[in-house]
Amino acid sequence: MCLSALGFGYLAAVNPDAYNALAQEDHWVESLTAVLFFLAGILLLATVLAEPSLLRRCIYALGAAALVFAAGEEISWGQRIFGLATPDFLREANAQQELNVHNISTQTFVNIYNGGTLLLCIISSVAFFCRKNRLGGIPLPSILLTLSFLLVLSYRPLSEGQILSYIVGRESVALLICVYALFSSRANLLMAAAATLAVVLISQYTSHHSAVIDGRLYEVREYLLSFACLCYAGELLLGQKRLTAFPFRWLRLPGFRANADKGSASRFDENAGKSAGFGRYEPLRLSWWAVCTVIIAGGIALPVMGYLNAESRKADIAETYRAIKSGQSEGLVARSHFDIYLNENGLTYFKEPCTRSDTTAWFFLHITPADANDLPGARRHYGFDNLDFAFNRKGMISNEVCIVTVTFPEYAITSIRTGQYIGEEQIWRAEFPLPQQ
């Protein structure tokens, strides 16, 4: 989990365009998320077959159904893969006119993700300190997996002034990690907590200071959640006592020690005083000091790389500003709340004098391609590509000057529609065709 978050943090710091390309709809991140959710559901179905308790069987079956449902929703039940049409009743209610349920009320599903993950982390944390490992007979996540779910909570857009974002964001995650460290007598757990905290800070750096689009952050966050769910489903299956019976015998991996007394591979070993989160798989007993040191080093290096990249971006913006003031930039295409200039590969927004209040509202940027087939599958319903952005992640305010440049995709464009909005209300709007390309 930490290495995945570091990898995306690296892209966000040095190449946000590559990050956005990977995480857009119908691309690698979304597809992998669906696959991981589906595999997690399959593992839970296997757990149903191995579980002797009828009640727990029902609970696992519901969990498997929820995971398979999440996998189907992620890819709109294969709508773009198989060319399925959206029913009329769903087209009217769905925000993106797609064959799924979550876009009818996106915030409801986001709250379910947030609340469910946070509740699981709190219950697991309390149980860890109470030396408990089950809730109603169901095994709770191991200590490392709990840290992984905490990492999922931290990887999210964090807007200024949103108190709820801070409650389930970096402050609560950092606090719980510090509590783990203070109450732990194990050096490797302390190191794991420090490594997770380093990645949490990187996640917040990604959210605040990169040119990554909010929607892309959510796609990566869903991938991390699907990864954690797959691991948890694996823990539940490997912890079953009946794994020696057919058809589960193949899961008895070399070196794996199932805890027959506790009934779970993720349990707290009271005799040894160790969490089973470490050393359960003998062939994989790596040096936790080495692994966590690499993660922490990456956590230190990424802000440095991001800072250098930001300095380079500031130099480019300064050059653009000098070109505008000297009259060398002749691509003025619209005047509104901002002056808009068209350059070789993007659009520049310029305002002087300017204050931060001019940039707090979101900018919308919709571009119409010459060939609709150039659009991602989900965008073809609308006929334009959506490059909405927050100014503080792309632009610069200096000496009462606001300036930002947005790079275009690599396909021919016929027209542009842009402006700013708060909620459903547009503050200003400009629309113009592009010269023949």
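Predicted model: local features only at pLDDT ≥ 70, side-chain atom pairs only at ≥ 80, totals over all residues.
Let's start with a helix pair: H7 passes H8 in a left-handed crossing.

**Helices H7 and H8**

Helix H7 covers residues 106-129 and helix H8 covers residues 143-154. By residue type, the contact of H7 with H8 holds eight nonpolar and five polar residues, and no charged ones.

**Helices H3 and H4**

Next comes the pair formed by H3 (residues 28-50) and H4 (residues 54-74). Here too the crossing is left-handed, with H3 passing H4. The angle between H3 and H4 is about 165°, and angles over 145 degrees count as roughly antiparallel, so these two helices are roughly antiparallel to each other. Their axes are 8 Å apart.

From H3, the contact draws on Glu30, Thr33, Ala34, Phe37, Phe38, Ala40, Gly41, Leu44, Leu45, Thr47, Val48 and Leu49. H4 answers with Arg57, Tyr60, Ala61, Gly63, Ala64, Leu67, Val68, Ala70, Ala71 and Glu74. The residues in this contact of H3 with H4 divide into 15 nonpolar, four polar and three charged.

Here are the two pairs side by side:

| Helix pair | Angle | Axis distance |
|---|---|---|
| H3 and H4 | about 165° | 8 Å |

**Ser4 in helix H1**

Now for a single residue. Ser4 sits in helix H1, which runs over residues 2-14. Is Ser4 buried or exposed? Its relative accessibility is 17%, and the cut-off for buried is under 20%, so Ser4 counts as buried. Which residues is Ser4 in contact with, leaving aside neighbours within four places in sequence? They are Tyr223, Leu224 and Phe227.

**The chain as a whole**

Stepping back, the chain contains 14 helices and 13 strands. Of its 437 residues, 49% are buried. If you look at contacts between residues at least 6 apart in sequence, 68% of them join residues at least 24 apart. The accessible surface of the chain amounts to about 21600 Å², and carbon and sulfur atoms account for 61% of that surface.

Key. Residues numbered from 1 in each chain as written. Heavy atoms only, no water. Helix = DSSP H or I, 4+ residues; strand = E, 2+ residues; numbered from the N terminus. Buried < 20%, exposed > 50% of the residue type's maximum accessible area, 1.4 Å probe, protein only. Contact = heavy atoms within 4.5 Å. Areas by Shrake-Rupley, 256 points an atom, 1.4 Å probe, with all protein chains shown as cover. Axes fitted to C-alpha atoms, helices over the stretch in contact; angles between N-to-C directions. Left-handed = near helix turned anticlockwise from the far one by under 90°. Nonpolar A, V, L, I, M, F, W, Y, C, P; charged D, E, K, R; others polar. Parallel < 35°, antiparallel > 145°, perpendicular 65-115°, else oblique.
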